[in-house]
Amino acid sequence: MASLRRRRAALARPVVRLTASLARTALVAPPPTAVAAPGGGDPGPARAAAGTVGQWRVLDLGAGRYDVSWRSPTPLPVTGDRPEIVGADLAGGVTTLGADGRTVSAVVTAPVPPQVADLDVVLSGDRLDETGRDGAAVLPRAATAPARAVLDAADPGAPGEFAVVSSDYELAPLKLPGMKEPIERIGHVVEPAPGAETGPRPLVLFLHGRHEVCYDPTGQGGYAETWPCPAPFAEIPSHLGYDYVQRVLASQGYTTVSIRANGINAQDYRLPDGGAEARSLLVQRHLDHWVDLADEHQVDLTRVVLVGHSRGGEGVNRAAQDIPLSAPYRVVGQVLLAPTDFASTAAPYVPTLSLLPSCDGDVFDLQGQRFVDVGRDLAADDTALRTGALVIGANHNFFNTEWTPATAVAPANDDWFGPNDQPCGRATPQRLSAREQRAVGTAYVAGAVHVYTGDTDPLPLLDGSATTVPSIGDATVFTHALKGGRDTRRPGVDATPALPTAGAEARICQGVATADADALSACGRGAVSRSVTPHWYMAGESAPTRRFLEVAWSRVGARAGLLLDRPLDLSTDRLELRTVLDPARGPVPLQVRLVDGTGASVTLDPVGGPTQTPPFVGPQVTKVWATSLLVDAAGAPEAAEVDLADIREVDLVAGSERGRVWIADLSAAPADLPAVPARRLARVDLGTLTVVEGDSPERRLVRLPFRVVGEITAPARLQAVTVGSRPGDVARLRIDLAPGQTSGSIPVPVTADQLDDLRTSTQVSIWAASGVVTGRYLGEVRVTDDDPTPTMRATLARSTVREGQDIVLRYTLGAPVDYELYGAARFVRAPGRYLSTDDVPVSWLTRQGIDPDGDVVPLWRSYVYIGERLPTGEQRVEVRIPTRADGVREGAEKVRLKLEFGRTRVTREVTVVDAR
């Protein structure tokens, strides 16, 4: 299923988001109890605020670096999205998930030690370390969506004329990089029945997303987390969840296959990219198999369409990038259902539909919009149509019947989390049922497949037109489009603000959302940022942003707009503005004014009338998303006096007393699709580098290598961010690439010292700006410490104590180190009589998170952890465990403690005797 990133939570402060890779580390999980205060004082809660969940730990690594982690009291869910640590003034790289499935961790730099009260861990829009669900601001409800014309062509969601048959195949397992266990290769085929006269059939390949892998079919054991599934657990057949749309496509003359990816889902936590490359390789190996099957199944492998759901969406996009034109198959389009896009990338020259559910409770931030927005700027000659579609009332899971209650063989759920009486609740009319959502999915998947394989009749479903089809009933889908032969102008790039009239304001803003109302350069500031903002990154994210024109007005008739660097020809093409409406100000009436090179102008109503409506507004569900504002100037008699082939200025004219909109871009859109060039951009893959620290205090530069896969044929550009090992070591770089370049490097500073260090590294992220795409977009420079590690001695002050005395553990470090050490002690079983929970003070048990009114059990069964810190530069610390004098003669009782401090692992035993 599914970089916090993106509208994750309604936070009241600017934050830096550290994107989680789900790469599990060998990090020792922090204890699920309070941490003892430095110096052996009474332990206190790491976070005392009411309503908090789990355990935070901030460990000082020295030189302004901190290991920040949070441990959940329960295993984190298996979702398409991934957890992220957020906090003020942090700079860091990849967030990781521990092998326990509960511990989220990141190494960050900060000018001062991060305060636990200022940190959050966020998944699917919710702060996991706080009770309850986070929601967006309560805003006015949107009016009814504008009327939609019925498609003047066959409904792509309706079954076709051919009978269909199903079959399955299983190939030898596949060994993939970074995966310990091989991946299954299983395909579910649905195609026209033998003898059907379809002609050569395009192939449509489906890839499901990240979901639970193993379940107990007896209903007794829940889920298993190991791979392959151990008995009696069975695999969840997620790949069978698209059979409903496969059957419709097969009846229309297509061959379809849905492939299983459970082995990846069980192991992708190890991978920095969340498994995108692994899924790409799996897709390619299945397509390799179809080379041998093509003739038998009448398949035309020059017309392959990929359909990916959730992380499967990011996986097929990566495959579309990776498959070279020399391959014996050609990807001609892709449909992405509720996709992730952790890499902020796109596949140029591949027509793309990104279908976004307005009630997605997993990929909550609708990051799949990036496949449209990022693809706008990567290649100037790219004519592949890119469509963003917002499905009102759809959730994440119901596109797959095996993730849907009542139709799944394994336990399944509705991923939306809100109350039933709220806009996404099951009791409200705008929320789609599972059957209704599948109908929408079928119509749009099939419509895109038709268009991408040569039948353009369903094009109005994908080009921003207000069009519907009978098979989806009264479901509402908003669309907008880029590329596809459009001549586009971008605010701040090839269009500048026109002089506004009285009562209007216009300015270029950055596509950033922040809770800071005074961040005037950010488009989404203040209350707007508390909504889901798919076009805008959250403040603190490092990915490059795009610019928008913000227009606000305070009187009817006020106008503002854009001066175009190059004239726009609207003599035959319609005008399309991707316009984001401020949801707090509701529907607004707008007209569009066109000005030609002589200064002649005309003001026109948009197609469908002046009123423009935000797509979805309400508690927890507001989507700040660009709808299509369309103008047919060529068909307007009043435009006869204007030279439509020479439009130099486009303005919005207010029809209300108050409002605000943002223009993402504007385009002249042709009625027909042009051919797509047979091209693929070269891919850039970052590497890793390990260097020896050395002793010189002078900073030196090392170079992190990258390689280019494919050929760069024109100047290209990357943007990079490096997060170093010292506060302030955050560099934003522009990397220019020359035609023919096959490799390169990114400079990274390294600093040495003469103290033992821990986890010194610099993390590097790259994004494509133009002329290339990215594959392995995360890299790292690891610094091998060459200073001796001092020994740690763990001793007992006394091996025998009397009731009422403290058990005292002493830790002594042989020399100072350049990081803070964290230790944990836990009770383990020992022979003979053992100290129990009634042998220690109630107050001490309470501080350890143990219910003092619970059953009396031996301490080794209480799961108490005793935590302690050794601050940077210090060498000694004591930990005290109090005992209670109960006045009862019990004889000698044992306590055995397993101690972990830094790299020290020892067991010590204490005897507690009766008080005299």
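Leaving aside its neighbours within four places in sequence, which residues is Asp415 in contact with? Select Asp415 and you'll find Cys359, Asp360, Gly361, Asp362, Asn395, His396 and Asn397 in contact with it. Keep in mind that this is a predicted model. You're in the loop between β21 (386-391) and α6 (434-452) here.

Now show the side chains. Asp415 is buried but has no salt bridge; Arg431, the nearest side chain of opposite charge, is 5.8 Å away. What Asp415 does have is a polar contact of 3.0 Å with the side chain of Asn395, and its side chain also reaches the backbone nitrogen of Asn397 at 2.8 Å.

Next stop: the aromatic rings. The model holds seven aromatic pairs. Pick Phe206 and Tyr242: their ring centres are 5.8 Å apart and their planes meet at 15°, so this pair is stacked. Phe206 belongs to strand β13 (residues 201-207), while Tyr242 is in the loop between β16 (234-235) and α1 (243-251), so the pair ties together parts 36 residues apart in sequence. Both Phe206 and Tyr242 are buried.

Then select Phe364 and Phe417. Their ring centres are 5.8 Å apart with planes at 40°, so this pair is tilted. Phe364 is in the loop between β20 (352-357) and α5 (370-373), and Phe417 is in the loop between β21 and α6, 53 residues apart.

Last, look for charges over rings. The charged end of Lys623 sits over the ring of Phe364, 5.9 Å from its centre. Arg438 lies over the face of Tyr244, at 5.9 Å from the ring centre.

Methods: Residues are numbered from 1 along each chain as its sequence is written. This is a predicted model: local features need pLDDT of at least 70, side-chain atom pairs count only at pLDDT 80 or more; totals for chains, interfaces and linings use all residues. Side-chain values use heavy atoms; hydrogens and water are left out. Helices (H or I, at least four residues) and strands (E, at least two) are DSSP runs, numbered from the N terminus. Buried means under 20% relative accessible area, exposed over 50%, partly exposed in between (1.4 Å probe, protein chains only). Lys and Arg count as positive and Asp and Glu as negative; His and the chain ends are not counted. A salt bridge is a side-chain nitrogen of Lys or Arg within 4 Å of a carboxyl oxygen of Asp or Glu. A polar contact is a pair of N or O atoms within 3.5 Å; within protein, one must be able to donate a hydrogen and the other to accept it, and residues adjacent in sequence count only if both atoms are side-chain atoms. Contact means heavy atoms within 4.5 Å. Rings of Phe, Tyr and Trp (its six-membered ring) pair if their centres lie within 6.5 Å; planes under 30 degrees apart count as stacked, over 60 as edge-to-face and the rest as tilted. A charge sits over a ring if NZ of Lys or CZ of Arg is within 6 Å of the ring centre and within 35 degrees of the ring normal.
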